[in-house]
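Subject: Structure for your review

Dear colleague,

Please find below the structure I promised to pass on to you. My notes on it follow directly after it.

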Amino acid sequence: MNGKTVFVADRQLDPELDYAFEKMIQKISFEAKISPQLLRKYGGKAFEDWETQTGKPIMALNAMKPEDRSSNIYVILDKFRHSLEHIVPSVKKMDKTMCIASVSMEIMFGS
């Protein structure tokens, strides 16, 4: 890692997290046939809503105990799912989308 700061969904993250977030967006876009821009918007909104609800920055997930981090990730995933409900065409695609998002967020914040 070169220490360069980047922004993911309007959040300041390090390059490895940026890469993981972007891979998540690309995989979901491919599976659900939804534009990456729209997914970034809804992903950013889920992060923002969680930050507002908890009063913590999204990067606080890295410092949490595993069980706390997992429960907070599920809160974010629930917000993301709620945003996508009206645009993901089927239950099967929604389940696949949420599986990708869940694994990706565990990788992003589970270090």
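Leaving aside residues up to four places away in sequence, Thr97 touches Ile28, Ala32 and Leu84. Please bear in mind throughout that this is a predicted model. Thr97 lies in helix 4, and its relative accessibility of 0% places it among the buried residues, since buried means under 20% relative accessible area.

Ser29 itself belongs to helix 1. With a relative accessible area of 13%, Ser29 is buried as well. Its contacts, again not counting residues up to four places away in sequence, are with Ile34, Ser35, Pro36 and Leu39.

Overall composition

The protein chain contains four helices and two strands. Along the sequence these elements follow the pattern β-β-α-α-α-α. Of the 111 residues in the protein chain, 41% are buried. The accessible surface of the chain comes to about 6400 Å², and carbon and sulfur atoms account for 54% of it. Among contacts between residues at least 6 apart in sequence, 57% join residues at least 24 apart.

Helix 1 and helix 4

Two packed helices are described by the angle between their axes and the distance between the axes. Helix 1 and helix 4 (residues 91-109) pack at an angle of about 170°, and their axes are 10 Å apart. Helix 1 is therefore roughly antiparallel to helix 4, as angles over 145 degrees are counted in that way. On the side of helix 1, the contact is made by Leu17, Ala20, Phe21, Met24, Lys27, Ile28, Glu31 and Ala32. Helix 4 contributes Lys93, Lys96, Thr97, Ile100, Ala101, Ser104, Met105 and Met108. By class, the residues of this contact divide into ten nonpolar, two polar and four charged.

Tyr19 counts as exposed, at 54% relative accessibility.

Helix 1 and helix 2

The axes of helix 1 (residues 15-32) and helix 2 (residues 36-54) come within 9 Å and cross at roughly 125°. The two helices are therefore oblique to each other, and helix 1 passes helix 2 in a right-handed crossing. In this contact, Phe21, Glu22, Ile25, Gln26, Ile28 and Ser29 of helix 1 meet Pro36, Leu39, Arg40 and Phe47 of helix 2. Six of the contact residues are nonpolar, two are polar and two are charged.

Glu22, in helix 1, is partly exposed, at 25% relative accessibility. The C-alpha atoms of Glu22 and Arg40 are separated by 8.5 Å, with the two residues 18 apart along the chain.

The loop between helix 1 and helix 2 includes Lys33. Most residues other than glycine have a negative phi. Lys33, however, has a positive phi of about 60° although it is not a glycine. At 62% relative accessibility, Lys33 counts as exposed.

Helix 2 and helix 3

What is the handedness of the crossing of helix 2 and helix 3? The crossing is right-handed. The axes of helix 2 and helix 3 (residues 66-84) come within 9 Å and cross at roughly 135°, and the two helices are therefore oblique to each other. Helix 2 takes part in this contact through Leu39, Tyr42, Gly43, Ala46, Phe47, Asp49, Trp50, Gln53 and Thr54. The residues they meet in helix 3 are Asn72, Val75, Ile76, Lys79, Phe80, Ser83 and Leu84. This contact comprises nine nonpolar, five polar and two charged residues.

With kind regards

Definitions and conventions:
Residues numbered from 1 in each chain as written. Predicted model: local features only at pLDDT ≥ 70, side-chain atom pairs only at ≥ 80, totals over all residues. Heavy atoms only, no water. Axes fitted to C-alpha atoms, helices over the stretch in contact; angles between N-to-C directions. Parallel < 35°, antiparallel > 145°, perpendicular 65-115°, else oblique. Left-handed = near helix turned anticlockwise from the far one by under 90°. Contact = heavy atoms within 4.5 Å. Nonpolar A, V, L, I, M, F, W, Y, C, P; charged D, E, K, R; others polar. Buried < 20%, exposed > 50% of the residue type's maximum accessible area, 1.4 Å probe, protein only. Areas by Shrake-Rupley, 256 points an atom, 1.4 Å probe, with all protein chains shown as cover.
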